[in-house]
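Please read it beside the sequence and the coordinates.

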Amino acid sequence: MNKAQTLKRKLGNPKAFLSVARDTEDIPSQISINPNLKWKDINWKKVEKSVFRLQKLIYIASSRGELRKMHRYQKLLLKSYYARLLAVRRVTQDNQGKKTAGIDGIKNLTPIQRFNLVNLLSSRHLKASPTRRVWIPKPGKDEKRPLGIPTMYDRALQALVKLGMEPEWEARFEPNSYGFRPGRSTHDAIGAIYASINKKPKYVLDADISKCFDRINHDALLGKIGKSPYRRLIKQWLKSGVFDNNQFLESVEGTPQGGVISPQKRKHRLTRYGRKT
């Protein structure tokens, strides 16, 4: 049985996980399972608040250079039931690509399948699957750009990893870096540029980074990540390859465009990890 069939079987198994945890603890034990609570009854505000508390701890540890403590919090978030709930909700309900299937053919999950996916994330026994490449026309041009669509399992796991990596790198980025960051928009960048040049003339350098993400060196990227708890998963996604017109292509360089953690795909809520919002 291949990985796509295995995933379909596990997501559709009605006996595995019929319930969701109580909202009293961040990482509930099996004893705290409430069989009467349904997906629509989940207290999402409390789920988000619990995840945000962990993200804030990651941000503070990263900003202070306490790497061991930061990695401990990231591992805690990776195991968190609330974080897994939030990751699954974002890829199966909030994400615009929830109706687009990868090579597993899975889309539009039912509530029971979402619960099964939440619990499937805790095992992480399935290796990364290749992405399905689709070609999207560029507006006003004859050329097309490639998008890689991961499986539903990989999308949920990527969303979970993203919850732990964003606060780490938000604390490390340059203060006047505005690309792909939570709570920063084009208007913020315009305001920062105006504040920098309105009093005296400055030089402006324009750099073309066309196809930058398609040519990123995998070893250099993994070296930048360091000893992160997510390193093994990220390496799997980088090396998983793509299926294009039923033909498998190995991933030698570059990052898959179109996934949850893809630089061109990311969208953020207004979030500041250093303080409450």
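## Terms and basis

Contact here means that heavy atoms lie within 4.5 Å. Helices (H or I, at least four residues) and strands (E, at least two) are DSSP runs, numbered from the N terminus. The model is a predicted one, in which local features need pLDDT of at least 70 and side-chain atom pairs count only at pLDDT 80 or more, whereas totals for chains, interfaces and linings use all residues. Residues are numbered from 1 along each chain as its sequence is written, and side-chain values use heavy atoms, with hydrogens and water left out.

## The chain as a whole

The protein chain contains 9 helices and 6 strands. Of its 277 residues, 42% count as buried, a class that means under 20% relative accessible area, with exposed meaning over 50% and partly exposed in between (1.4 Å probe, protein chains only). Among contacts in the chain with a separation of 6 or more, 70% come from residues 24 or more positions apart.

The accessible surface of the protein chain amounts to about 16,900 Å², and 52% of that area belongs to carbon and sulfur atoms; such areas come from the Shrake-Rupley method with a 1.4 Å probe, and for residues only the protein chains shown count as cover.

## Helix α6 and its partners

Helix α3 (residues 67-79) packs with helix α6 (residues 152-170) at an angle of about 155°, their axes being 9 Å apart. Axes are lines fitted to C-alpha atoms, for helices over the stretch in contact, and angles run from 0 to 180 degrees between N-to-C directions. The two helices are therefore roughly antiparallel, the term for angles over 145 degrees, while under 35 counts as roughly parallel, 65 to 115 as roughly perpendicular and the rest as oblique. On the α3 side the contact involves M70, Q74, L77 and L78, which meet L160, V161, L163, G164, M165 and E168 in α6. By class, the residues of this contact divide into 7 nonpolar, 2 polar and 1 charged, where Ala, Val, Leu, Ile, Met, Phe, Trp, Tyr, Cys and Pro count as nonpolar, Asp, Glu, Lys and Arg as charged, and the others, Gly among them, as polar.

Helix α9 (residues 231-239) also meets α6: the buried residues of α9 pack against α6 and α8 (218-225). Those buried residues are L233, I234, Q236, W237 and L238. Just after α9, G241 takes a positive phi of about 85°.

## Helices α2 and α4

The axes of helix α2 (residues 44-63) and α4 cross at roughly 115° and come within 9 Å. From α2, the residues W44, V47, E48, S50 and V51 make the contact with Y82, A83, L85, L86 and R89 of α4. This contact of α2 with α4 has 7 nonpolar, 1 polar and 2 charged residues.

## Loop residues

Which residue has a positive phi of about 55° although it is not a glycine? That residue is N245, which lies in the loop between β5 (242-244) and β6 (247-249) and counts as exposed at 71% relative accessibility. N108, in the loop between α4 (81-94) and α5 (111-123), has a positive phi near 50° and is partly exposed, with a relative accessible area of 45%.

I216 lies in the loop between α7 (186-197) and α8 and counts as partly exposed at 22% relative accessibility. Leaving aside neighbours within four places in sequence, I216 is in contact with L221, E253, G254 and T255. The C-alpha atoms of I216 and V252, which are 36 residues apart along the chain, are separated by 9.5 Å.
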